[in-house]
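The sequence and the model come first.

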Amino acid sequence: MRRELIIAAGPGEWRAALVDDGSAVELYVERGDRRRAGSIHAGRVVRVAKGLDSAFVEIGDDRPGLAPRRESRGLDAPGLDAPGLDAPGLDEGARVLVEIRREALPDKGPRLTTRLTRPIADPGLDPPAQLYPAPGFAAALALALPGPPDRVVADDASIVPELRTAFPDTEIARETLLDLAAEFAAALAPSLELPAGGLVHIAETRAATMIDVDTGTPETGSAARNALAGNLEAAQAIARHVRLRNLGGGIVVDFVGLEGKVPREQVRQALADALAPDPAKPQCLGWTRLGHIEIVRPYRAPSLCAQLGDPALTQAFAALRAIARAQPAARWRLTVSPRVATALRGSAAVALAALETRVGSAISIVEDAAADPFTIASR
């Protein structure tokens, strides 16, 4: 199996796809604003929560991370389960090295551990400070991958030096046949069209991800056979998009109704087999009494949709990417909606300034409520 990492680089945002044998299996967004699972930080304990047997550690995120104190005692430490014992290194005010085990949720800080998965040279920096990986979009992407790629394909020659540092033993190339924009559009769409005419609807909610299967209206065949065939086809698409969209936590699938244990077991087994290659090791828990199939996929990072966050910021980065890829012009005018203009003055301001340096002149930002969502023109 040949594994490639395809990167579309733009000012302030890189988008990437991990491709196995010509098919995208994972998608990534990197904006330099995330503390990824697996990264290692010098943090400061800001509060000890004895009732949780944990400590809150400041690592520079919006919220302090939570580090279980039992982990810092070591697996073989005496009194591991005894309540009220202090854990060395996790006292209030202490400087501590931690690794992110699970990235932050919208209303919760990251989950941390003091059991580092790799040796790290501690330079003694004052917290909060990231010690691993090194700064840069390429290093962050390398950390997110389930394994090293055989080849990295970049659409921008200027990022090749950074890629060579992050992937020193990997071939760096420029050509690709993958339409990355189309892959992202499909992975963000609320519904998937199946080859036989059915639909799979995917809705992320606060409690779980809900997936509904619709076989459509086949013109031939019995209802039972069409239901089974549509469900088996949907199982393959669902497994692919669970990984592609990085869905985590509880996932509930409402397949088309089936009669009898044999076809139900066929669908469950087909879904379990399709999920098996996923390195996150999701579990297919089987049918519920309500006639749904439950899946649990460990949460380590936000879903693709959550990573993109504010649509106006996403549009701002898309506008900057469009200018970066356009033919050179002496001066550029960017017409955007008021919300996109706000994003360009805020979270995307650094990327805008970098692009202005690259093109050699200031970019004129024009607000227009009718912009949908932006237009670019030379002036």
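Is Arg345 buried or exposed? Arg345 counts as exposed because its relative accessibility is 56%, where exposed means over 50%, buried under 20% and partly exposed in between (relative accessible area, 1.4 Å probe, protein chains only).

The model is predicted: local features need pLDDT of at least 70, side-chain atom pairs count only at pLDDT 80 or more, and totals for chains, interfaces and linings use all residues. Residues are numbered from 1 along each chain as its sequence is written, and side-chain values use heavy atoms, with hydrogens and water left out.

**Salt bridges**

Side chains of opposite charge can pair when their charged atoms come close. With a salt bridge taken as a side-chain nitrogen of Lys or Arg within 4 Å of a carboxyl oxygen of Asp or Glu, the count is 21. Among them are the following pairs.

| Glu13 | Arg31 | 2.8 Å |

Elements named below are DSSP runs, numbered from the N terminus: helices are H or I with at least four residues, strands are E with at least two.

In the salt bridge of Glu13 with Arg31, Glu13 belongs to strand S2 (residues 13–20) and Arg31 to the loop between strand S3 (23–30) and strand S4 (40–49), so the pair ties together parts that are 18 residues apart in sequence. Both Glu13 and Arg31 are buried.

Asp156 counts as buried because its relative accessibility is 13%.

Glu367, at 42% relative accessibility, counts as partly exposed.

Salt bridges with shared partners also join Arg2, Glu4, Arg151, Glu171 and Glu175 into one network.

**Helices H7 and H8**

The axes (lines fitted to C-alpha atoms over the stretch in contact, angles from 0 to 180 degrees between N-to-C directions) of helix H7 (residues 311–325) and H8 come within 8 Å and cross at roughly 75°. H7 and H8 are therefore roughly perpendicular, the term for 65 to 115 degrees.

In this contact (heavy atoms within 4.5 Å), Ala312, Leu313, Gln315, Ala316 and Leu320 of H7 meet Arg339, Val340, Ala343 and Leu344 of H8. These residues divide into seven nonpolar, one polar and one charged. Nonpolar covers Ala, Val, Leu, Ile, Met, Phe, Trp, Tyr, Cys and Pro, charged covers Asp, Glu, Lys and Arg, and polar the others, Gly among them.

Technical notes:
Parallel < 35°, antiparallel > 145°, perpendicular 65-115°, else oblique.
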